[in-house]
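Subject: Structure handover

Hello,

Here is the structure for you to look over. My notes follow below it.

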Amino acid sequence: MTRFKYYIFFLFINLVSAQKNSINSLKEYTYTDLQQKFYEYGKIEKTNDAKNIAKYYLKRAKKEKNNDQIAEGYVLMHFNEDLPIALKYLDSLTVITKNSTKNTYPARIYLLKGNIFFNSDNQIKALENYNLGLKYAKEKENKRQIAIADISIANLNNYIGKHQDAIKTLRYYLHNADYLHESELQDIHLNLASTYQDIDQIDSANIMIKEGLLSSKNDDYLHNKYLSLFGLSSLKQKNYKVAIDSLNKSSNFFLTKHNDMALNYALMYLGQAYAGAGQKENAVKNFIKIDSIIQKTNNTFPELRDVYTYIIDYYKDKNEKEKQLYYIERFLKVDKILDSQLWVLSRELPKTYDTPNLIKEKETIIKDLEKKRVILYCSISILIAILILLAYLYFKSKKKEKEHRRIAQELIQKAYEGQPVADHQEDPLIEIPQEQVKDKNVSIISQDLTQAILKELEIFETKEHFLNKGITLGSLAKKIKTNSKYLSEIINTQKRKNFAGYLNDLRIDYAIARLAKDKKFRSYKFPVIAEELGYNNEQAFTLAFKKRTGIPLSFYLREIEKSEG
């Protein structure tokens, strides 16, 4: 089985273990120091720290008009960008190094371009640039660049199945290239171990994996790559328990480091190990994770054929046609990408599903699903209608709650300021203009008598006699020495309400003020408060409160507690 080697060389870089040190002041560092810190931060994943160093490096180099360092700044900047922006930085590198006398240019530019095309899933462009890099490296007799170009092309050959050619190149440079950096030699060692597994030379692979695990103890990133290969080796030897344990560790590590391709391979081996152990559901879960990563990155690899065929078979056995259809479509899309890049070795890979059969099966499934779609669309329409209704009711309740809160806060404020409460209409706190109220009867009571009755009512209100239980129009008229007819007319014309409304409003206004100011009174239960106010029962009180204020009594009490909290 062909396996992709995503362990590409960074050119002219001596990478060291990644360390998460904070950036303090960059001004004190030399260019060499800045490069070292950049690669420490950026070795495993794109970080803001690495980006900040690159930006500062380029800005400083431009300020100092140092063309050599400007060139290095463009190199640093391109590492943390996606393909289009990265290519622009490399185009700028081409311009700044046009007249360079160094033997690293222009080969370096093409080798860097090859890497970003390689990592962007464009292997044809990668090969084109690697070949150009090799050509110019040979012209300048730069043996290090020749080695890097040869190794990069070997990785592509390895990818398309020419494993023996790849092994020959990788083994040569591993033992005969002391001019390469240690990190680059480590990558060759890793790729060679993986390639031995590709051609099932398990013993040779295991020797190199053990060496790698021992030598990478202080490098978590490299160590987990070897751990993935160890898991694959255990899988090939059908030691599924050991394989699952190792691959779970390495996949969890790569998940935190956002290395999607390393994660994809770890998940694929893990899924295969679960499949070998008969745990089909766990196998499918890991394969589906791979599909989600592929959709996000668009970076494919040949073994995806095996991944998708397993998922399709799984859902076919479970008779879940919707999911089966979905992954057939995903397979066909990935298959097209692989074919367009000349990566698919269909003649060497056992194919359970070929494209024509899959298309036919897809059409059959679509016909089976057409009947269900009408029901599905109806269900969706009903669901949408319900959601719209629920949303309407929710926003209506929120609007009502907001209005209640406004009213309660104004009531509390009026209570503390001793202001009267207005009758509740559309806006309960807006006074109704007198000219809008039309008297039903023309008063026949003299002005002197009117004033006398009004004075008695003022005493009635001031001394809070309205809190007494059992007050009636007749009893109050008798108390202030007038008749019921006169008292009723005065209340109607002067207070603009009937006797029951007048009495209720006095009691509720009293309740509004006292509840706001008297914490002890507020702690009483509703029946006790109702009795204190002269009501016969709790219900009569709460209804009167809602009618007078426009909000429930419980809501008003909650707002008081909040205002004091």
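Are Phe38 and Phe79 buried or exposed? Both Phe38 and Phe79 are buried. Keep in mind that this is a predicted model.

Aromatic rings

The search of the whole structure gives 24 aromatic pairs. One of them joins Phe38 and Phe79, with ring centres 6.2 Å apart and 35° between the planes, a tilted arrangement. Phe38 belongs to helix 1 (residues 31-42) and Phe79 to helix 3 (residues 67-79), so this pair ties together parts 41 residues apart in sequence.

Tyr535 and Phe541 also pair. Their ring centres are 5.7 Å apart and their planes meet at 40°, so this pair is tilted. Tyr535 is buried, and Phe541 is buried too. The face of Tyr535 also carries a charge: Arg507 lies over it, 5.2 Å from the ring centre.

Tyr314, Tyr315, Tyr326 and Tyr327 are linked by ring pairs.

Arg60 counts as buried, because its relative accessibility is 16%. Glu64 has 46%, so it counts as partly exposed.

Other salt bridges

The count for the structure is 21 salt bridges. Among them is the bridge between Arg522 and Glu561, at 2.9 Å from N to O. That pair links distant parts of the chain: Arg522 is in helix 22 (residues 519-522), Glu561 is in helix 25 (residues 553-564), and they are 39 residues apart. Arg522 has a relative accessible area of 7%, so it is buried. Glu561, at 40% relative accessibility, counts as partly exposed.

Lys323 and Glu320 form another bridge, with the closest N and O atoms 3.7 Å apart. Both ends are partly exposed: Lys323 has 40% relative accessibility, and Glu320 has a relative accessible area of 26%. Lys497, Asp505, Asp509 and Arg548 are joined in a network of salt bridges.

Helix 5

Helix 5 (residues 107-119) has 13 residues. From first C-alpha to last it reaches 19 Å, close to the 18 Å expected at 1.5 Å a residue. Of its 13 residues, 11 are buried, so helix 5 is largely enclosed by the rest of the structure. The buried residues include Ile109, Leu112, Phe117 and Phe118. Arg108 and Lys113 are buried as well. What covers the buried residues of helix 5? The cover includes helix 3, helix 4 (83-96), helix 6 (123-139) and helix 7 (143-159). After helix 5 comes Asp121, with a positive phi near 70°.

Leu454

Leu454 is in helix 18 (residues 447-462). Its relative accessibility is 18%, so it counts as buried. Beyond its neighbours within four places in sequence, Leu454 contacts Ile490, Gln494 and Lys495.

Confidence

The mean pLDDT of the protein chain is 83, and 86% of its residues reach 70 or more. Two stretches need a note. Over residues 342-354 the pLDDT stays under 50, and the model has 28 contacts there beyond four places in sequence. Residues 425-441 are also below 50, with 19 contacts beyond near neighbours in sequence.

Best wishes

Key
Residues are numbered from 1 along each chain as its sequence is written. This is a predicted model: local features need pLDDT of at least 70, side-chain atom pairs count only at pLDDT 80 or more; totals for chains, interfaces and linings use all residues. Side-chain values use heavy atoms; hydrogens and water are left out. Rings of Phe, Tyr and Trp (its six-membered ring) pair if their centres lie within 6.5 Å; planes under 30 degrees apart count as stacked, over 60 as edge-to-face and the rest as tilted. Helices (H or I, at least four residues) and strands (E, at least two) are DSSP runs, numbered from the N terminus. Buried means under 20% relative accessible area, exposed over 50%, partly exposed in between (1.4 Å probe, protein chains only). A charge sits over a ring if NZ of Lys or CZ of Arg is within 6 Å of the ring centre and within 35 degrees of the ring normal. pLDDT is the predictor's confidence in each residue, from 0 to 100. Contact means heavy atoms within 4.5 Å. The expected span of a helix is 1.5 Å times one less than its number of residues. A salt bridge is a side-chain nitrogen of Lys or Arg within 4 Å of a carboxyl oxygen of Asp or Glu.
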